[in-house]
Amino acid sequence: MVGIDQKRIILSDSFWMFRFLKDDEEITSQILKEGLPLTEETLKVYVPSSWALYQNRKHFYHFGRGLYEMNFYLPYRWGSGDGKKVTLVFNGSNYKTTVWINGKKVGFHEGGYTKFWFEINDFVVFGKENRITIEVDNRYMENRLPWFESPEWMNYGGIFRPVYLKLTSQVCFDDFKITNDLEFDKPLGLGSQSCKAKLNVRFLVKDHSDHRKDFEGSIIAILKNSEELDSIEVPFKFEDKNERYVDISLNVENPHLWSPEDPYMHELTFQLIDKKDRKEIDREKMKWGIRDFVISGKNFYLNNKPIVLRGISRHEDHPDVGSSMNPRLIYNDLNIMKGADINCIRTSHYPPHESLLDFADEMGFLVLEEIPVYRLRKEHYTPEMLINAQQQLWEMIHRDKNKCSVIAWIVSSECDTESEEGNKFMSTLLQISRDLDPTRYHTLVTEKPLLDTTMDLVDFVCANVYIGWYDNYDVSPKDAAAEFDLIWKKMNTLDHIKPLMISEFGAGAISGFKSFANARWSENYQYDLLREYLDIIIDKDYINGACIWHFQDFRCSPVQGFHERPKEYNNKGIVDMHRDPKISYYIVQRRYEKWKKMIEQQNSIIQKQE
């Protein structure tokens, strides 16, 4: 059964018909008109899910095409008059998705991890059954991000996140963006006794009807916690276009500020009112944490106090569901992170399930969100690749720009940033990112920081260092201290000092393997390496962020083989694939607690001196 409410019909959370397709197999007009034939090749599958798990994993390594089909009923009232707009929304489908409704092609989308949608009024019949047919293609092909080659994580195919139909009026909130300005009573870094907050919201109101009307209306905005704090009504009308930007501001004296230790969320309600009859024609309700995240010099500041990013990276992967993580599993992951005093999540290497950002807001995590521009080399810096990257960047920022937990956008990871071509490509991508969201910070992750040419382009430097692992696993992790010093020395040649974050470090450990000889792949080797790295990082006052690689063991792709990947997994997790802690979890817990208390003590001393 599909779930129905006033504004939404859930198409997923139900069984669909499905069939694996051969690379050259044609999707015929007969299939689109009459539906998938009921043969032994036609499966009944649950959506959302990863097709690697269908038929007891018989097609686990299917990198190709698959065809989905289901019927849905659209209530007649959804199409009554010309005032309604129906949108088909996908939260994630990997990788290329092509959609037909009632045999007519609606469109296609490229990108496996971002939300996308189609307006479908012209394709559906109201008051009757409609058939939707969806082809998903996860093959490795040129100019696909990240599937132009085999990255380290598993290429799970299929519709792996929710799908739904959304109903709005033709005149509706097409988009809105929330920001806040905070004015503190003390200089930067000294905290505050009082502050003033201004919430700024920019709405894009749009008329999606075929013929433009002379619409006049107003927007009502209400901000509250346990009681109403401020409200405003702003009138507007369309002029020579069928869209209009409307700006509003709400003011709060001494707001309850959001932080990882106290993730307080305010409620916001937006109503779109038709002037003719004062009727509400659209409404949005959400939560927002009022906070101020600032970079100054080499330091990060949250709410006018220094903060260090005690981070970890996380892939969307679980042995029972593949990449099709549900909110309950994601909530469990974040609870385990909270237990280790982690306050920052890097969403490696792509936008996560939307609920992770919701939980991060509610539970108090700072988020570095990333698009899958991964391991590009000189020959990959093509106009086609830039267009693809720009599209995925836009979709990520569009979806998550109103999540207070997001503090920075990451535009690439471990690409060739040593070359002139890499510098030019990343300069363009970073500028696009800044144009899309000038209120947050923008960076990339480099694996060769001493050769990198983009440090002057980013707002803070993210450097991966794997001394003590890979080719130099027999070198003491203590040698990482010299590497950090060299990176910082290079950063001091830039025009402006900026923060340094060690964005990846770690070692693989097979869960349960202990070694008297402290052997490679043992849990105690990983424990010792992370302990030494964290001790060095905490001791270096020019390092203000660390991001351990990785939260959990995750499955790798087989395309390039499983070299250095025992059990077909990247085993650098501080918990195993089932989320059982390795002993390294506890050294992370102790060192992050120490780092947190050290910063709190320093802040307390500074404030007392004032």
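Reader: Which residues line the second largest cavity?

Author: In this predicted model, the second largest cavity is lined by Trp469, Gly508, Trp521, Glu564, Arg565, Pro566, Tyr569, Asn570, Asn571 and Lys572. About 40 Å³ of space lies within this cavity.

Reader: What makes a residue part of the lining?

Author: A lining residue must have an atom within 4 Å of a point of the space. Trp469 and Lys572 are among those listed for the second largest cavity, so each of them has such an atom.

Reader: How do you know how many residues of this lining are nonpolar, polar and charged?

Author: The lining divides into 4 nonpolar, 3 polar and 3 charged residues.

Reader: How many cavities of 30 Å³ or more does a search of the whole structure find?

Author: The search finds 3 of them. The largest cavity holds about 80 Å³, and its lining of 13 residues has Tyr113, Trp153, Met154, Tyr156 and Ser323 nearest the centre. By class, this lining has 7 nonpolar, 3 polar and 3 charged residues.

Reader: Why is one space called a pocket and another a cavity?

Author: A 1.4 Å probe fits in a cavity but cannot get out, whereas a pocket is an open set, and therefore the two names differ. The largest pocket has a volume of about 1,500 Å³. Its lining comprises 42 residues, with Arg8, Lys115, Lys166, Glu284 and Glu354 nearest the centre; 12 of the lining residues are nonpolar, 8 polar and 22 charged.

Reader: Which residues lie nearest the centre of the second largest pocket?

Author: They are Arg375, Glu414, Glu447, Tyr470 and Arg565, from a lining of 32 residues. The volume of this pocket is about 860 Å³.

Reader: What makes strand 17 an edge strand?

Author: The open sheet of 4 strands has the order 17-16-19-20, with antiparallel pairing. Strand 17 (228–237) and strand 20 (279–288) each pair on one side only, and these are the edge strands.

Terms used
Residues are numbered from 1 along each chain as its sequence is written. This is a predicted model: local features need pLDDT of at least 70, side-chain atom pairs count only at pLDDT 80 or more; totals for chains, interfaces and linings use all residues. Side-chain values use heavy atoms; hydrogens and water are left out. On a 1 Å grid over the protein atoms alone, a cavity is a set of points where a 1.4 Å probe fits but cannot get out, and a pocket is an open set with protein on both sides within 12 Å along at least five of seven lines; lining residues have an atom within 4 Å of a point. Grid points are joined across faces, edges and corners, and a volume is the space filled by probe spheres set on the points. Ala, Val, Leu, Ile, Met, Phe, Trp, Tyr, Cys and Pro count as nonpolar, Asp, Glu, Lys and Arg as charged, and the others, Gly among them, as polar. Two strands pair if DSSP finds at least two bridges between them. Helices (H or I, at least four residues) and strands (E, at least two) are DSSP runs, numbered from the N terminus.
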